[in-house]
Amino acid sequence: MNALELHDVVKYYGRHQALAGLDLQVPVGSIFGLVGSNGAGKTTAMAVSAGLLQATSGKINLLGQGPFTPATHTGRISLLPQDSRMPLHSHVDELLMFYGRLQGLAEGALQESVDNVLDWVHLQDRRNSAVRTLSHGMMRRLTIAQAFLGHPELVLLDEPMSGLDPREASRVRHILLRRRGMQTIVISSHNLHELETLCDRAAFIEHGKLVRQDTIDSITRRGHSVTYKLLPGNIPIPALQKALPDTTIEGSTDGTILTIKFQGDPDEITRINAKVLEILLHSGIGVIEIRRGSDLESEYLAATS
Amino acid sequence: MWNPFRSTINVASHELADSIRSRRAIVLLILYLAGSIVGTLIFIKVLHEVETQVVKAMGLDPAKNPGGVTATLWESSHFREIVVHLSGDREIAEQLLRVPPLALFYAWLSFAFAPLLVVLTAAPRIAEEVWSGSVRFALFRTSRGAWCMGKYIGQACQIFLALLLSAAGAWLVGFIRMEHFAPADSMITMFLFAVKAWIYSLAFLGLATGISQFFSSPNIATAISFVALMIMGILGAISSHLANPNTICGKIWDLVNLLIPSGHKIDLWRTDPDHVIPAVVFLFALSIAYMLIGHSYFSRRDL
């Protein structure tokens, strides 16, 4: 079952087309990355899903119950909007309590949930502060906290890490990873390395259309490819091909990159690695780095070039 | 389980609390209180001047405190006849003459200035939340209708408190400075006028909240609301002169009079429920109608 489905969704801002028939399927329990250049339609897709923007046409299905309606979806979905400011005069604690009450949390559960989310984002000591007194990073953490209030089934996070220092970004990554399987989380980000670490699925969006959507393993071929970064030299391709006849072997012309692609069981990688390293070291070729599959960035650039 | 009624109350109480925290409500209360105190002091000073002139003309000893001559004048049958002629309606004149002079002044003050202050404080509220984006944190947790209605109720509560405070301020000044001041009678009458002024203000609150829903800039929303207020004032002045049930043109102006708040103001000055209740119902309906016009756009707009 999918937590979020967009079918042929079109969105115009005046004459500008932001979404040009976007299709997306986000399975329940997944951490799903939305990848795309500036203006590709990621923010629009999230806002349309949360009911903040009206789609020009197309179908939206949230948690299997149609487009957003307060009666059906309040408390079950949440959004971290990009470039939105929380009410500056409100106090952290009171604001979260207000949001919790709005989404229908009972008083006991509300206090517990507020305590939890403030703890996650390290804002317990600022719970009585006015929002206007928080630093930019703290405000960002507060916006992340509100998105997890009351344990919604679907959480849409638009650029959650922007403005966070490295330590807090790492904390938030750990929080998100701990939510895997418990909530469906959609993350839009330009940091593809981060998405690769966090997500189990991703979609590439360009010009308001889906370019590709798959699991991270499939996109990066993690289970069926291994790449070696080498010191310059002559890669012994014939010897490798002889030792690993059921694989495809590619070497770069400057002799610094070797890629082995294979089919079948992903656990084959251990056997392949042992053989390749033995041959390379025997040939006197220095190995700098070994990587399973390619990376999300390369695949995104290749898919959208 | 989401409950639109509970959601509306939550938004309203947050709006009220947020206004207090942001000092918006404090400024509003101070404006109302200062306006009524200063207005009342000016009224008493002018009254004293007039009384002194009257006493001088009649060759009597001047009174130490204002209000004594007015109280006598208020009771004189000659003066009452003059008021009947001025108002053009014996029934209204008789009802007004039963009201203490200071309460009458307070009613005039609040009916004249409350709409201005309402527009000033309420018009930017929704637009500024759209502008800052803070609305986006709330509208996947409740409906747009409940959110707007909550904002409206929160503002209405603030205005009610402000009008009560201004009535208290005016009463206190009268109590200290006026001779022949009937404290209990004035308090009850001023309280009733504060409630009536609140109901009259609700129509303007609906107007300001309705306009605020069209815009993403608080300044533009405030400016447009003031323009609307001026247009309503002009229409009110024209329609009160041209309304006539015997001509087609007059009927149109009669209809215009029904659709703007000032067309119902005179009925709020009365004390009999036969006039007051329909005016209250009409003003409340106008308030909701103005707000719904804005909401018909807000409910579909991109945020």
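Me: Why is Trp147(B) called buried?

Reply: This is a predicted model, and every value is computed from it. Trp147(B) has a relative accessibility of 2%. Buried means under 20%, so Trp147(B) counts as buried.

Me: What makes the rings of Trp147(B) and Phe298(B) a stacked pair?

Reply: Two values settle that. The ring centres of Trp147(B) and Phe298(B) lie 6.0 Å apart, and the planes meet at 10°. A pair needs centres within 6.5 Å, and stacked needs planes under 30 degrees apart. Both conditions hold, so the pair is stacked.

Me: Where in the chain do Trp147(B) and Phe298(B) sit?

Reply: Trp147(B) belongs to helix α7 (residues 144-177) of chain B, and Phe298(B) to helix α12 (residues 273-298). They are 151 residues apart, so the pair links distant parts of the chain.

Me: Is Phe298(B) buried or exposed?

Reply: Buried. Its relative accessibility is 0%, and the cut-off is under 20%.

Me: How many aromatic pairs are there over all chains?

Reply: The structure holds 15. One of them joins Phe43(B) and Phe105(B), and it is stacked.

Me: Why are Phe43(B) and Phe105(B) called buried?

Reply: Phe43(B) has a relative accessible area of 18%. Phe105(B) has 14%. Buried means under 20%, so both names qualify.

Me: Which residues form one aromatic cluster?

Reply: Phe111(B), Phe193(B), Tyr200(B), Phe204(B) and Trp269(B).

Me: What secondary structure does chain B have?

Reply: Chain B has 12 helices and 0 strands. Of its 303 residues, 50% count as buried. The C-alpha trace spans about 75 × 50 × 35 Å along its principal axes.

Me: How do you know that helix α1 of chain A is largely enclosed?

Reply: Count its buried residues. Helix α1 (residues 42-49) of chain A has 8 residues, and 7 of them are buried, so the rest of the structure largely encloses it. Among the buried ones are Lys42(A), Met46(A) and Val48(A). Gly51(A) follows α1(A), with a positive phi near 80°.

Me: What makes Lys11(A) and Asp302(B) a salt bridge?

Reply: Their side chains meet at 2.5 Å, N to O. The rule asks for a Lys or Arg nitrogen within 4 Å of a carboxyl oxygen of Asp or Glu.

Me: How many residue pairs are in polar contact across the interface of chain A and chain B?

Reply: The rule finds 12. On the side of chain A that touches chain B, α3(A) gives the most, with 6 residues. By class, that side has 18 nonpolar, 13 polar and 5 charged residues.

Me: How many residues of chain A are in contact with chain B?

Reply: 36 residues of chain A are in contact with 27 residues of chain B. The area buried between the two chains is about 2,700 Å². Carbon and sulfur atoms give 58% of that area.

Definitions and conventions. Residues numbered from 1 in each chain as written. Chains lettered and ligands numbered in written order. Predicted model: local features only at pLDDT ≥ 70, side-chain atom pairs only at ≥ 80, totals over all residues. Heavy atoms only, no water. Phe/Tyr/Trp six-rings, centres within 6.5 Å; stacked < 30°, edge-to-face > 60°. Buried < 20%, exposed > 50% of the residue type's maximum accessible area, 1.4 Å probe, protein only. Helix = DSSP H or I, 4+ residues; strand = E, 2+ residues; numbered from the N terminus. Contact = heavy atoms within 4.5 Å. Buried area = accessible area lost by both parts, 1.4 Å probe. Polar contact = N/O pair within 3.5 Å; in protein donor to acceptor, adjacent residues only side chain to side chain. Nonpolar A, V, L, I, M, F, W, Y, C, P; charged D, E, K, R; others polar.
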